[in-house]
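Biologist: I'd like to go through this one with you and keep asking how you know what you say. Could you put it up on the screen?

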Amino acid sequence: MLASFFRIVKFSLQDIFRNMSLSFMTVLILILMLLSINTLIVVRVITDESIKTVKEQIDVSIYFHPESTEEEIAEVREYVGSFPEVENEVYQTKEEVLEDFKETYSDNRDILSSLDELGENPLGPTLIVKTREPKDYEKIINALSVPEYENIIEAKTFGDTQVAIDRIHSVTTQVERFTYFLTALFATIAFVIIFNTIRVAIYTQRAEIGIKRLVGATNWFISGPYMLESLIFSIISVAVTYGIAHFSLGFLDPYMSVVFGEQELLANYFSSHIFFILGIEFVSVFLLTIVSSGLAMRRYLKT
Amino acid sequence: MIVLKNLSKQYTRDSVGLHEVDLHIQPGEFVSVVGQSGTGKTTMVKLLIAEERPSAGKIEIGGWDITNISRHDVPLLRRQIGVIFQDFKLLPQKTVLENVEFALEVAGERKSRIQQVVPRVLDIVGLSHKNERYPHQLSGGEQQRVAIARALVHRPKILVADEPTGNLDSINTQEIIEILKKINEFGTTILLVTHNREVVNQLKRRVVTLHDGRLISDEHKGKYRL
């Protein structure tokens with residue numbers, strides 16, 4: 001049994017080296033398929049990061065009347081904080097709001113001098129609310145648009161953000177759908193190409209399979225080397241693809257950091273998901289090659 | 001050694017491979033099976049090596065009824081019958097030595113035994129000096145000798161030769177026939193399927209003639225009569 005196993009390993013390696021061009025083409029096709037999958041992962045990471053960045057820039061500001069009391073403001077804060085959709089809230093006192101205002105308009109002397117002429121701080125405290133999803137802002141705004149809060153809340157940035165929120169929601173949904181479609185398309189193309197590459201490889205060796213059967217080889221002895229070749233091709237293609245991806249991410253990351261600010265965004269994502277990505281890619285390629293080999297060989301192994 | 005009882009093979013309603021053939025071949029015989037193309041000679045070979053299953057009748061080889069042989073047992077059968085073909089059927093990616101070794105490797109033979117048997121068999125067919133060559137580097141006659149060596153490594157009791165000289169010139173044909181006669185002298189039963197008149201007439205051994213799938217004559221020191 002052990003001798004047969006070592007013979008299968010020997011025949012498998014002989015096949016790979018003696019059919020070098022075919023082996024090379026098979027591995028190349030597998031690498032191209034894996035690179036397309038990695039490209040999709042990169043697109044996915046960039047899309048998610050873009051959406052996250054845009055979402056982070058959206059918030060709802062609740063402007064309180066300057067005369068509102070601390071108790072009234074605390075009640076509204078507590079109410080807003082009770083919503084599970086709220087991720088965080090930042091409260092700015094009248095003084096902090098005034099400081100921000102002055103800093104924003106530090107180049108505009110007219111506005112600053114008008115503020116000085118008033119003599120007192122005309123701005124009320126502000127509560128900046130951030131929700132987990134952009135669609136949740138509407139719920140918060142609606143919850144605060146009740147008569148009890150009319151005398152406490154002066155304004156809410158509802159009108160300004162709703163269009164943007166809707167648009168972001170629509171864009172993210174479309175991008176996600178497109179990514180799913182692209183993934184399905186690539187997977188189908190890859191499957192068909194790999195399946196046919198393996199079938200052609202087996203087809204070119206059909207005469208050999210017939211001869212092996214003729215001299216008394218069992219089906220296991222005939223198919224063993226092909227199965228082992230599938231394993232070797234899978235390992236090589238996943239390893240080479242990882243090398244190419246690693247190199248490419250090092251090249252892409254500086255550009256990503258300009259857009260998103262985060263250093264080594266893609267490299268970090270790949271490092272933190274390396275076992276998952278390599279595992280899934282290896283299992284997919286191995287299953288694909290072994291199923292293709294099995295199906296292609298089946299007709300030549302019938303007695 | 002080989003018993004065919006009322007053996008028939010029908011491919012389709014209009015295509016008959018063999019029709020009710022009865023044949024008994026004794027151990028150590030040298031039997032030529034002759035007939036024109038499409039008369040069932042190759043069908044008979046395919047039935048003997050279980051590449052085809054009979055439609056009716058019975059096949060026994062060395063007392064083993066292989067009429068309904070299971071897929072699992074087919075490799076065992078093929079290790080007990082040596083077969084050579086017109087197109088040699090050598091593995092193109094393997095050397096002469098590897099082609100012959102392969103027949104023993106598939107049977108799980110030990111390496112020491114393979115190293116002992118293979119050089120001896122290659123010596124018998126006169127190819128010891130070319131054991132590192134690939135099939136495409138050999139002449140037709142040499143390729144057929146490799147095929148014979150491969151068929152002999154299991155020390156089969158039966159050697160089936162399906163048109164073994166069909167692709168060879170007269171000199172190589174003569175060489176192959178001489179090797180087959182030598183193998184027969186060692187006690188191996190030979191079933192030679194051919195339509196080479198000269199070869200059959202020169203052998204002066206038993207001749208079985210097929211026509212339209214039927215056995216029409218069986219002569220113990222026969223000639224090619226078609």
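Modeller: Here it is, and keep in mind that this is a predicted model. To start with chain A, 23% of its 303 residues count as buried.

Biologist: What makes a residue of chain A count as buried?

Modeller: The cut-off is 20 or more other C-beta atoms within 10 Å of its own. By that rule, 23% of chain A gets the label.

Biologist: Then why is B:Glu219 called partly exposed?

Modeller: B:Glu219 has 13 other C-beta atoms within 10 Å. Exposed means 12 or fewer and buried means 20 or more, so a residue with 13 falls in between. B:Glu219 is found in strand E10 of chain B, residues 214-219. Leaving aside neighbours within four places in sequence, B:Glu219 is in contact with B:Arg206 and B:Val207.

Biologist: What makes B:Arg206 and B:Val207 contacts of B:Glu219?

Modeller: A contact needs C-beta atoms within 7 Å, and both residues qualify with B:Glu219.

Biologist: What puts the buried residues of H6(A) on the same side?

Modeller: The buried ones are A:Tyr137, A:Ile140 and A:Leu144. They cover an arc of only 65 degrees around the axis, and that places them on the same side of H6(A).

Biologist: Which strands are at the edges of the six-strand sheet in chain B?

Modeller: That open sheet runs E6-E7-E8-E3-E9-E10 with mixed pairing. Strand E6 (81-85) and E10 of chain B pair on one side only, which makes them the edge strands. The twist here averages 15 degrees from one strand to the next.

Biologist: How do you know that E3 and E8 of chain B pair?

Modeller: With a cut-off of at least two bridges, the five between strand E3 (residues 30-34) and strand E8 (residues 189-194) qualify, and the sense is parallel. B:Phe30 has B:Ile190 as its bridge partner in E8(B). Helix H6 (residues 170-185) of chain B packs on the sheet, touching E3, E7 and E8, at about 155 degrees to the direction of E8(B).

Biologist: Last one: what does chain B use to touch chain A?

Modeller: In chain B, 17 residues are in contact with 13 residues of chain A. The elements giving two or more residues to that side of chain B are helix H2 (74-78) and helix H3 (96-105). By class, the side has nine nonpolar, two polar and six charged residues.

Terms used: Residues are numbered from 1 along each chain as its sequence is written. Chains are lettered from A and ligands numbered from 1 in the order in which they are written. This is a predicted model: local features need pLDDT of at least 70, side-chain atom pairs count only at pLDDT 80 or more; totals for chains, interfaces and linings use all residues. Two residues are in contact if their C-beta atoms, placed from the backbone, lie within 7 Å. Helices (H or I, at least four residues) and strands (E, at least two) are DSSP runs, numbered from the N terminus. Ala, Val, Leu, Ile, Met, Phe, Trp, Tyr, Cys and Pro count as nonpolar, Asp, Glu, Lys and Arg as charged, and the others, Gly among them, as polar. The arc is that of the directions from the helix axis to the C-beta atoms. Axes are lines fitted to C-alpha atoms, for helices over the stretch in contact, and angles run from 0 to 180 degrees between N-to-C directions.
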